[in-house]
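Have it open beside you as you read.

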Amino acid sequence: MTVISSLDLPVALIARTRLEDAGIPCFLANECLVGMDWMYANMLCGVDLRVPAPLAQQALDLLSSDALACIDHTPDEESAASCEPICQ
């Protein structure tokens with residue numbers, strides 16, 4: 001389940017590290033493509049941080065307690081359509 005989407009790879013990497021530190025298994029979808037050329041992030045609507053569904057709420061709680069709180073934690077149709085981060 002996707003818990004955050006970010007156009008900024010370094011922010012997504014920090015979020016992944018935070019979850020891994022807490023023992024929550026996760027991975028970044030599209031990490032390699034965006035890592036090769038950051039302009040792919042626009043085409044792919046960013047990098048998705050994914051966790052197992054039963055741990056999604058725990059991951060969201062952990063990330064919302066951080067400085068990462070400005071990242072869109074709930075991908076919906078409107079934010080996916082615009083591919084814009086909520087916090088600027």
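The largest nonpolar core holds 18 residues, and Val 3, Leu 19, Leu 49, Val 51 and Leu 63 have the most contacts inside it. A nonpolar core here is a set of buried Ala, Val, Leu, Ile, Met, Phe, Trp, Tyr and Cys residues joined through side-chain atoms within 4.5 Å; buried is under 20% relative accessible area with a 1.4 Å probe, protein chains only.

The biggest giver is α4, with five residues. Helices (H or I, at least four residues) and strands (E, at least two) are DSSP runs, numbered from the N terminus.

This is a predicted model, where local features need pLDDT of at least 70, side-chain atom pairs count only at pLDDT 80 or more, and totals for chains, interfaces and linings use all residues. Residues are numbered from 1 along each chain as its sequence is written, and side-chain values use heavy atoms, leaving out hydrogens and water.

How do the two helices meet? Ala 15, Arg 18 and Leu 19 in α1 touch Ala 59, Leu 62 and Leu 63 in α4, contact meaning heavy atoms within 4.5 Å. Five of these residues are nonpolar, none polar and one charged.

Now for Asp 48, which sits in strand β3. Asp 48 is buried, at 13% relative accessible area. Beyond its neighbours within four places in sequence, Asp 48 is in contact with Thr 2, Ile 4, Ser 5, Phe 27, Leu 28 and Ala 29.

Methods. Buried means under 20% relative accessible area, exposed over 50%, partly exposed in between (1.4 Å probe, protein chains only). Ala, Val, Leu, Ile, Met, Phe, Trp, Tyr, Cys and Pro count as nonpolar, Asp, Glu, Lys and Arg as charged, and the others, Gly among them, as polar.
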